[in-house]
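Here is a short note for a colleague who is opening this structure for the first time. Please read the points in order, with the structure in view.

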Amino acid sequence: MDICEFFLPFLFFIWIIPRPIDSQIVGKKENFPPKITEHPSALVVVRDNPASFRCRADARPVATIRWYKDGEPYQGTNVDDGDLFFLKVTNNQNTGVYYCEATNYLGSARSNNATLDVACEFVFLFNETGKRGWEA
């Protein structure tokens, strides 16, 4: 019996044994900290109309998204799956600078700032001559 005949069955046995290290690497998904994938955009809304900001983050495990207004945690209840809804935008309550923050146990990520402003409403006045106020 030469050396090849002796080691060949041994090498074959080692080669066909399941390798748990390789099988773990192939199916394993690594956890990672949040990264903002969709930043909120600035909004200009006519008073008493609805508005919404959108924020999305990629993370594993899934990140929790929280909103901030003017640097303080937003206290409203209009948050759903990363979106912030306003049923009726008013001048004093809703205008400001908003951003979202996504957090999981590996870290956090902050979005860009987005402002919410109320559009001006113009009232056209006519005098008795039928001309607009600025034409009189």
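**Notes on the structure**

1. Start with the disulfide. The link of C55 and C100 is right-handed, with 55° about the S-S bond. Their sulfur atoms lie 1.8 Å apart. A search of the whole structure finds one disulfide. C55 sits in the loop between strand 3 (51-54) and strand 4 (56-60), and C100 sits in strand 9 (residues 96-104), so the pair ties together parts that are 45 residues apart in sequence. Are these two cysteines buried or exposed? C55 is buried, with a relative accessible area of 0%. C100 is buried as well, also at 0%.

2. Keep the confidence in mind. This is a predicted model. The mean pLDDT of the protein is 80. Of its residues, 66% reach 70 or more. Confidence is lowest in helix 2 (residues 20-27), where the mean is 52. Strand 10 (residues 107-110) has the highest, at 98.

3. Next, strand 9 and its partners. Strand 5 (residues 64-69) pairs with strand 9 in the antiparallel sense, over six bridges. Y68 has Y99 of strand 9 as its bridge partner. Strand 9 also runs antiparallel to strand 11, joined by three bridges. There, V97 has T115 of strand 11 as its bridge partner.

4. Strand 5 and strand 6 (residues 72-73) run antiparallel, joined by two bridges. K69 has E72 of strand 6 as its bridge partner. The two strands form a hairpin with two residues between them. In the turn, D70 has a positive phi of about 50°.

5. Strand 11 (residues 114-119) deserves a look of its own. Which of its side chains are buried? The side chains alternate along the strand. A114, L116 and V118 point to one face and are buried. Strand 2 (residues 43-46) runs parallel to strand 11, with four bridges joining them. V45 has V118 of strand 11 as its bridge partner.

6. The largest nonpolar core has 19 residues. Those with the most contacts inside it are F53, W67, L84, F86, V89, Y98 and L116. Which elements give two or more residues to this core? They are strand 3, strand 8 (83-86), strand 9 and strand 11.

7. Aromatic rings come next. The structure holds seven aromatic pairs. One of them joins F86 and Y98 edge-to-face, at 5.6 Å centre to centre and 70° between the planes. F86 lies in strand 8 and Y98 in strand 9, so this pair ties together parts that are 12 residues apart in sequence. F86 counts as buried, at 3% relative accessibility. Y98 counts as buried too, at 0%. Ring pairs link F53, W67, Y74, F86 and Y98 into a cluster.

8. Now the charged side chains. How many salt bridges are there? The count comes to three salt bridges. E38 forms one with R54, the closest N and O atoms being 3.2 Å apart. E38 lies in strand 1 (residues 32-38) and R54 in strand 3, so this pair ties together parts that are 16 residues apart in sequence. E38 is partly exposed, with a relative accessible area of 31%. R54 also counts as partly exposed, at 40%.

9. A second salt bridge joins the side chains of R47 and D48, at 4.0 Å from N to O. R47 is partly exposed, with a relative accessible area of 38%. D48 counts as partly exposed as well, at 38% relative accessibility.

10. The remaining salt bridge is formed by D83 and R56, with the closest N and O atoms 3.1 Å apart. This pair links distant parts of the chain: D83 is in strand 8, R56 is in strand 4, and they are 27 residues apart. Are its two residues buried or exposed? D83 is buried, and so is R56.

Definitions and conventions
Residues are numbered from 1 along each chain as its sequence is written. Side-chain values use heavy atoms; hydrogens and water are left out. A disulfide is a pair of cysteine sulfur atoms within 2.5 Å. Buried means under 20% relative accessible area, exposed over 50%, partly exposed in between (1.4 Å probe, protein chains only). Two strands pair if DSSP finds at least two bridges between them. pLDDT is the predictor's confidence in each residue, from 0 to 100. A nonpolar core is a set of buried Ala, Val, Leu, Ile, Met, Phe, Trp, Tyr and Cys residues joined through side-chain atoms within 4.5 Å. Rings of Phe, Tyr and Trp (its six-membered ring) pair if their centres lie within 6.5 Å; planes under 30 degrees apart count as stacked, over 60 as edge-to-face and the rest as tilted.
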